[in-house]
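The following note sets out some points on aromatic pairing and helix packing for the attention of colleagues. Please read it beside the structure.

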Amino acid sequence: MFQEVKALINKEVKLEWRQKYALNGMLLYIVSTVYICYLSFKLKTNELKPITWNTLFWIILLFTAVNSIAKSFQQEKHGRLLYYYTLASPEGIILSKIIYNSLLMLVLSLAGFGFYAIVMGNPVGDISLYLGSIILGAVGFSSTLTMIAGIASKADNSSTLMAILSFPVIIPILLLLLKVSKNALDGLDRGSSADEVFTLLAIDLIVVVLSVILFPYLWKS
């Protein structure tokens, strides 16, 4: 299983490297969105409240995750999926995509945070906790949206279906992330965020386990 997942991740990396416009496009999306926020808020009022700063950042990351992970299964042609079916197990397929999308989202999130902090200022009191929330958010968004992208790929209008299916699942994760990042923003004691952090870890683990259990049935169809 480990060698299988490793080979599939290597395949995803090579495909992404050949199609550099996809990664570059997402980085351009983050940069342009942050710059628009700067023109709309920081430049006009010369002051941005920390709560607004935090909310804007997570909205940017959420839309970045949806746009970058939606293509997980959409770019796979029917013939290629049939070829994968003969070579790899469904557990290996879904795990490799979750791991790859998590790594991709981590790169985009950290790069986005760096640029966002430079342009919009950095009012974070506990930077370590805030970076931890970004990591949890990247893994949570990636694992959830990857499974939903697999479900939506079976429909004709997969982009619309993915948006509809992901909304009720992503909202609880987003609310927890907003609370943890707000505590980090205010520099509160880390113990005050322990419950939310453990809940996020549990959600990420549950989503991965459910994906491994349920994806084989979807894959066979």
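**Helix packing and aromatic contacts**

1. In this predicted model, the crossing of helix 6 past helix 7 is right-handed. Helix 6 spans residues 90-120, and helix 7 covers residues 127-152.

2. The two axes, those of helix 6 and helix 7, come within 8 Å and cross at roughly 140°. Angles over 145 degrees would count as roughly antiparallel; helix 6 and helix 7 are therefore oblique to each other.

3. The contact of helix 6 with helix 7 comprises 14 nonpolar residues, six polar residues and one charged residue.

4. The model holds ten aromatic pairs. In one, the ring centres of Trp53 and Phe113 are 6.4 Å apart with the planes at 85°, so this pair is edge-to-face, the angle being over 60 degrees.

5. The pair of Trp53 and Phe113 joins distant parts of the chain, 60 residues apart. Trp53 belongs to helix 3 (residues 50-69), whereas Phe113 lies in helix 6.

6. Are the two partners buried or exposed? Trp53 has a relative accessible area of 1% and is buried. Phe113, at 7% relative accessibility, also counts as buried, since the limit is under 20%.

7. Trp53 and Phe113 belong to one aromatic cluster, together with Phe57, Trp58, Tyr116 and Tyr130.

Methods:
Residues numbered from 1 in each chain as written. Predicted model: local features only at pLDDT ≥ 70, side-chain atom pairs only at ≥ 80, totals over all residues. Heavy atoms only, no water. Phe/Tyr/Trp six-rings, centres within 6.5 Å; stacked < 30°, edge-to-face > 60°. Helix = DSSP H or I, 4+ residues; strand = E, 2+ residues; numbered from the N terminus. Buried < 20%, exposed > 50% of the residue type's maximum accessible area, 1.4 Å probe, protein only. Axes fitted to C-alpha atoms, helices over the stretch in contact; angles between N-to-C directions. Parallel < 35°, antiparallel > 145°, perpendicular 65-115°, else oblique. Left-handed = near helix turned anticlockwise from the far one by under 90°. Nonpolar A, V, L, I, M, F, W, Y, C, P; charged D, E, K, R; others polar.
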